[in-house]
Amino acid sequence: MVAAAMSATLALASVSGSALADDTLAKAKETGTLRVGFANETPFAYATPDGELTGFDIEVLRHILGDMGIKDLDGGLTTFGGLIPGLVAKRFDLVTSAIYIRPDRCKQVAFGEPLYVLGDAIAVKAGNPKKLHSYADIAADPSIKLANTAGGTGLRDNAKALGVKDEQIVIIPDDTSGYTAVKTGRADAYVNVAIILETQLRNLNDQSLERATPFEQPMVDGKPRYGVASFAVRREDVNLLAELNKRLVAFRDTPAYARLMDKYALTPDDAVKPGMTTEKACAE
């Protein structure tokens, strides 16, 4: 009887130990370390020249994980396309690098609540003389010209979906040429991904240019044409996700979060909108 009882106790301990070993949150709290996969996406998650892991996503994670007693982020560099496969294969405990929450990805991993949105933005002359705050404003006046770089067509597709005509679009070779086109009057606006445009305007520090704000994000078939981004964990790591989300949602509404956004050139236009949730983003 004693031997049987000891055997049962040992078996129970073995099961409990195995369960603990499989619980990413419990392991992270025990070791104080979480393995984070990233793809060197500036300003979201990247390594500095001296090897320090930093960026907006990373600073947010350091804040909320620190509240959980997890102080060390063990960064694992990979390609963007390797983030989710690496997470599923358990090379990482969490991945982040401005990953859009999309239905196909939601079938593979569990996303945290949104960190920010990545939308379109336009640069105009100081004072926004033509009062351009949407693609619809541009489409309404056929004489208005919108500059966009050659190559990727996503931004042009958004503009055209809202009525901007091909003849209104001025194709330029690079970002510098876009700002020059606005300054010289060759174009009335230059369009780019919001955070890229914001960063470039800050670096240019040219008082003759400004970002048109607010700028209405394009809606097609009732859905906004912008990316909603967050970090991701494995679907079975429900405890880790719940703890992260509880702290993230609370942190997102603080002045400290707003200051962090500003530090990395994210503006109020890039903030998570009321009612925006991961559940909704996964269902769209």
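Visitor: Which residues of helix H9 are buried?

Guide: An α-helix has 3.6 residues a turn, so residues three or four places apart point the same way. In helix H9 (residues 194-204), the buried residues are Ala 194, Ile 195, Leu 197, Glu 198, Gln 200 and Leu 201. Buried means under 20% relative accessible area, exposed over 50%, and partly exposed in between (1.4 Å probe, protein chains only). Helices (H or I, at least four residues) and strands (E, at least two) are DSSP runs, numbered from the N terminus. This is a predicted model, in which local features need pLDDT of at least 70 and side-chain atom pairs count only at pLDDT 80 or more, while totals for chains, interfaces and linings use all residues. Residues are numbered from 1 along each chain as its sequence is written, and side-chain values use heavy atoms, with hydrogens and water left out.

Visitor: What covers the buried residues of H9?

Guide: Contact means heavy atoms within 4.5 Å. The cover includes helix H8 (175-184) and strands E7 (116-118), E8 (120-125), E11 (189-193) and E12 (209-211). After H9 comes Asn 205, with a positive phi near 50°.

Visitor: At what angle do H10 and H11 pack?

Guide: Axes are lines fitted to C-alpha atoms, for helices over the stretch in contact, and angles run from 0 to 180 degrees between N-to-C directions. Helix H10 (residues 238-252) packs against helix H11 (residues 255-263) at about 80°, their axes being 6 Å apart. H10 is therefore roughly perpendicular to H11 (65 to 115 degrees). Leu 248, Phe 251 and Arg 252 of H10 meet Ala 256, Tyr 257 and Leu 260 of H11.

Definitions and conventions. Parallel < 35°, antiparallel > 145°, perpendicular 65-115°, else oblique.
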